[in-house]
Amino acid sequence: MFDPTFCTLCPRACGADRTKGVGFCGAGEKIKIARAAPHFWEEPCLSGTNGAGTVFFSGCPLHCAYCQNEKISKDAFGKEVTPERFTKILFELKAAGVHNIDLVTPMHFAPQIRAAILPVKQALGIPVVINTGGYDSPLQLSYTEGVADIYLPDYKYCDAEGAAAFSSAPDYPEVAERAIREMVRQVGAPVFDENGLLLRGVLVRHLILPGRRKESIAAIERLSRLFSPDKILLSVMSQFTPRPGALPPLDRRVTSFEARSVVDRAAALGFRGYCQQRSSAKEEFVPAFDFTGV
Ligand code: SF4
């Protein structure tokens, strides 16, 4: 059970009193968001022609060294909203014609999201996407069962060393694997509509980091051993963008050779899915966190 006065919701289990302050993730008691707007840079089965209805939540339990959204993830920039306003935002996105509601890094608010969405889920009538870093506990996933139609988790690392070095979370591989297993149990194999839009299922994302081609291949091979390629979709992303002043190996883009060898391995293992190109590394992927739609 979620106890806001001693929060152990996510795998960090930091024990913060969220009624008086914030936890490691930067979250207090109320839902906090930085932007809610149609977004055209998710995978084509989510963005379609009208965009995904993204809601960017403030705070994150991971704090990855290469995060592109640090302003909202680490600094927890955003605006607190009431449950009523949050629900209204979802319907405003729907009215804008989006194909789904795409909740980005929402899991530190999983209980509040369940309370807001479950009563209106049927009226909402479009798929709800839970877009997460993959570092999710069974407790968090118990709150999103019945809320999520689509899970969009990262699977960032299969090695504890990488997970410790880049996300200070050496337990990431086992946590993410357990989480993805539960996501597949909840929503099942991918289901598309007649226009190729995803209605249900799990789409796992893997971002290739520079200098970690072998670790990326190992991660994808590990996924293929854990999940039959007809049970999950895979999106291999190679658009890593170095942050100003980043230290090696995070100070350069991913090479074509690195990207191609990981994508080829994923295809050889029989994964269906997507690959986002090196040339996609543009600013449009980092939207303005300016309270649009909030
Ligand atoms: S959700 Fe946030 S406050 Fe709760 S345990 Fe995780 S990091 Fe701590």
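**Helix packing, cavities and backbone geometry**

The crossing of H9 and H10 is right-handed, a crossing being right-handed if the near helix is turned clockwise from the far one by less than a right angle, and left-handed if anticlockwise. The structure is a predicted model, in which local features need pLDDT of at least 70 and side-chain atom pairs count only at pLDDT 80 or more, whereas totals for chains, interfaces and linings use all residues. Residues are numbered from 1 along each chain as its sequence is written, and side-chain values use heavy atoms, with hydrogens and water left out.

Helices (H or I, at least four residues) and strands (E, at least two) are DSSP runs numbered from the N terminus. Helix H9 spans residues 213–226 and helix H10 residues 256–268; their axes lie 10 Å apart, at an angle of about 15°. Axes are lines fitted to C-alpha atoms, for helices over the stretch in contact, and angles run from 0 to 180 degrees between N-to-C directions. H9 and H10 are therefore roughly parallel to each other; angles under 35 degrees count as roughly parallel, over 145 as roughly antiparallel, 65 to 115 as roughly perpendicular and the rest as oblique. On the H9 side, the contact (heavy atoms within 4.5 Å) is made by Arg213, Ser216, Ile217, Ile220 and Glu221, and on the H10 side by Phe257, Glu258, Ser261, Val262, Arg265 and Ala266. The contact of H9 with H10 has 5 nonpolar, 2 polar and 4 charged residues, where Ala, Val, Leu, Ile, Met, Phe, Trp, Tyr, Cys and Pro count as nonpolar, Asp, Glu, Lys and Arg as charged, and the others, Gly among them, as polar.

In a further helix pair, the axes of H3 (residues 83–95) and H4 (residues 110–117) come within 10 Å and cross at roughly 65°. That makes H3 roughly perpendicular to H4. The crossing of H3 and H4 is right-handed. Pro83, Phe86, Thr87 and Leu90 of H3 meet Ile113, Ala116 and Ile117 of H4, a contact with 6 nonpolar, 1 polar and no charged residues.

Grid points are joined across faces, edges and corners, and a volume is the space filled by probe spheres set on the points. The count comes to 2 cavities of 30 Å³ or more. The largest cavity has a volume of about 90 Å³ and is lined by 13 residues, of which Cys7, Cys10, Arg12, Cys14 and Cys25 lie nearest its centre. By class, this lining has 8 nonpolar, 3 polar and 2 charged residues. The second largest cavity has a volume of about 40 Å³; its lining includes Lys156, Tyr157, His206, Arg212 and Ser216. The largest share of that lining, 3 residues, comes from H9.

Two backbone features were also noted. Ala13, in the segment before strand S1 (32–39), has a positive phi, near 45°. A cis peptide bond with omega of about 5° joins Pro248 and Pro249, and Pro249 lies in the loop between strand S9 (233–237) and H10.

How values were computed: On a 1 Å grid over the protein atoms alone, a cavity is a set of points where a 1.4 Å probe fits but cannot get out, and a pocket is an open set with protein on both sides within 12 Å along at least five of seven lines; lining residues have an atom within 4 Å of a point.
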